[in-house]
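This briefing covers a predicted model.

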Amino acid sequence: MSLAQLKVAALSSALRIQEHHSRALATTLTTAVVAYVIWKIVQSPEQALQFAFNGLPVGAVYALLALGFTLVYSTVWFFDLYYGAAAALGAYGVFYLRSQDFLGGRYDVNSHFVNIVFAAVVAGVVAWALHENFHSRLRSRFRPKVLLALGALPTGAVGVYMWLVLANPSSLNALLSPVIGVSVAAVAFWALQRAHRRLSFGRGRSAIVALVPAAAALGAYCGFLVAVTPESKLYLGWGVSCLLAGAVSLALYRGLYVYMRLRAKSPLIMLVASLGILLAITAIITIIFRAAPRPLPEAFGSDVWTIAGANIKGFNVFAIGVALAGFAGLLVLLKRTAFGTAVRAIGDDEEVSKVVGINTTVVVAVVFFIGAMFAALAGILSGHDTAIQPRMGLLLLLKGWIASVIGGIGNLHGAIIGGFALGMIEQFGIWDLAGEWKDVISFVVLIVFLSFWPQGLLPRR
Amino acid sequence: MALNTQAVGNLLRRRPRFARGNIELWANLVILSWAAAFMLWQGVGFAITVSTVFAIWAILAVSLNLVVGYTGLLSVGHVGFFGIGAYAMAILSSDASYEQLRTEAIPTFGWPFFAALPISVVLAGLVAIVVGVAFNRFRDDIYVLVSFGFAVIAFNLFLNWRPLTRGAFGIHEIARPEIGGWTLNGAFEFLVLALVFLAIVVLISWFIVTSSFGRVLTAIREDEQAIEVFGYQTAHYKLAIWVISAMMAGLAGALFGSWTSFIDPNSFVLLESILLVSIVILGGLATIWGSLLGAMAFVMLEEGMRFLPFLPTEYVGQARQVVLGVLLVLLMLFRPQGLVGKFRL
């Protein structure tokens, strides 16, 4: 008998616990813990309500993360760790855009390098979108050089505009007001036209012409309103930084992951590669912003509401609302639109989706864009709630991951339930402990769930 | 004289050893000559320090390669065992009196290094048994997730279990190794000790991977179900290699604690674990030499960056992280087995 066999024989005796015994033990222990918490809630309901109010906004952040994460994971079936970096990028993007006016400009970090990189990324995304949309249609009409010029003009314009916006964050509202105006006008026109068509059953085409000035007026008014309200800069910053995080994600998918997925034998290759991206982006954020935690500027809703003896900040209620709205929006997108059908088809079988004519590259790239926007939004909300630091991304990513495991990987309903559940578990778990054990509790919950209920609360389909 | 044309033709057609495509050879040459040149340039003191850091990272990398490269379980939680070893060594061998510092007092025992070392290693192994039993059912990306979890839990224990670890204050005055009244105070003596331990770890690993046990591990990596069909209890094999690897990491931790003589939780953050995994992947999966090479490259990368004129010193660690991240992406694209690796992830 060799040494190796001896070692294995000795260790095998330690493993004799039967599977169903351990499962019964886990169920009993979990029930006991839950019963204990319920008993504590009955003992002091006011404190329990306060804990619930503390847990809900945190849960909202986790739910947002889990939603985006679930969307991406159930489409491509690999763990994209860039997702964590997207959360950090979102939060630091807001800090970057506001750093000139805020805290007396002490942490002003506007750098040409960053501006040019992000402008280039956005320009690249625009170029890609133009190419995907128009190249095949216009190829037969124009010569290649003309086509190139036609594409380069809007691309360059968007790039320069983005660079302008990033380079002058103190006049963000003035710079962005045309965009706001045009997009409001477009959305208003679309909605009015839809309503008109539904009410008039397709008759009266001339009335549509009358809708154009109405929509344009509304857009112009909104743009003007934004331009004259300096307070809007913070919220415009939210939008810009979400868009940037999404654009980076899209660029990463289109520029890197597509090729990598063609070669990858196992999902671990993608995981390690995105781990490299996370490492690099975290380090770059640390170099630009330093490692020390930073506050984000005060948003609205800092006043405290008292409901049934427990306190909650207005901003936290807003965060919960954002999570619910994000969930509803994602649900509509996935269940009611052709795009959503395509996403679900790709999640079921990518090869077959390609065969039936879905442009999988485009659909998955858009999924990456949306997922990263969710992550960035979660990063921003949590940054306003606490503070931001470069390594927040990894921890947020892991929390979103845990939330989607608790809810059931690949299930949107599960993601939102899991997110709020994780926030509550963290709060109620530290009732008898100190607050610093939160992370330990959530990871213990993760391991328990994966060991005994790997399907999560709501299994996929 | 009849010329054997075929033999000459073969000779000419053989690929020259220094062909551009031979990445393994070039990786070895570049890293080793870089290290040698750097040490010669910077002098003896520098070489000793760098080599000690290298030895500790190399022990960690070799031990992790047993799990990641040979068994195919991508664990990102190895720094937890490193920390357990370091904290066990610190608590057992420190004899600082903390009451004077007006911070929390912790039990310290003041044992000699060589008495505390086996206890630290065994403690890491015991923890690994518990963790390994819980983790054995997971695979692939779920394994990555739970091993992240282990690293986070371990870090939080070091940081928050203040009656035992003093939390963020850290533990001072960890004993230096002592052999029969001769204390290894000098840096060179410690380097020799670390290299001896590295040699032991490499020998044990080599013994494992060339034995039948190692072949079973490789088979688990390639196809776990297939090897189960042959009647092997793969769970036991996975647990065994996990525990052995954790004990090696505990050894590295104990050495690290004794070398720096002060530890605090910041040495055992999740990031260190990720860096460790990238060393193993960079060097090469399923080769012991690759892990040594990866550790050397990692240490040299940081030291090399210290001398870049345009890079402020406080950003060296970050810049190294950027380079490692980009290297990981490039490796995954073009060379998934790492520089000299045998196994493609």
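B:R166 is buried, because 25 other C-beta atoms lie within 10 Å and the threshold for burial is 20 or more. The residue sits in the loop between α7 (162-165) and β1 (178-179) of chain B. Its phi is positive, about 60°, although B:R166 is not a glycine.

**Positive phi in chain A**

- Most residues other than glycine have a negative phi.
- A:A308 is not a glycine, yet has a positive phi of about 50°.
- The loop that holds A:A308 runs between β1 (304-307) and β2 (310-313) of chain A.
- A:A308 counts as exposed because it has 9 C-beta neighbours inside 10 Å, where the limit for exposed is 12 or fewer.
- A:W77, which follows α3(A), also has a positive phi, near 60°.

**Helix α3 of chain A**

- Helix α3 of chain A covers residues 45-76, which is 32 residues.
- At 1.5 Å a residue the helix should span 46 Å, and the 44 Å between its end C-alpha atoms agrees with that.
- Of the 32 residues of α3(A), 25 are buried, so the helix is largely enclosed by the rest of the structure.

**Overall form of chain A**

- Chain A contains 17 helices and 2 strands.
- Its C-alpha trace spans about 80 × 60 × 55 Å along the principal axes.
- Buried residues account for 42% of the 461 residues in chain A.
- Of the contacts in chain A between residues at least 6 apart in sequence, 79% join residues at least 24 apart.

**Contact between chains A and B**

- On the chain A side, 39 residues are in contact with 44 residues of chain B.
- The elements of chain A that give two or more residues to this side are α1 (3-12), α10 (267-289), α15 (392-407) and α17 (438-452).
- The largest contribution to the side of chain A that touches chain B comes from α10(A), with 15 residues.
- By residue class, the side of chain A that touches chain B has 29 nonpolar, 6 polar and 4 charged residues.

Terms used:
Residues are numbered from 1 along each chain as its sequence is written. Chains are lettered from A and ligands numbered from 1 in the order in which they are written. This is a predicted model: local features need pLDDT of at least 70, side-chain atom pairs count only at pLDDT 80 or more; totals for chains, interfaces and linings use all residues. Two residues are in contact if their C-beta atoms, placed from the backbone, lie within 7 Å. Helices (H or I, at least four residues) and strands (E, at least two) are DSSP runs, numbered from the N terminus. Ala, Val, Leu, Ile, Met, Phe, Trp, Tyr, Cys and Pro count as nonpolar, Asp, Glu, Lys and Arg as charged, and the others, Gly among them, as polar. The expected span of a helix is 1.5 Å times one less than its number of residues.
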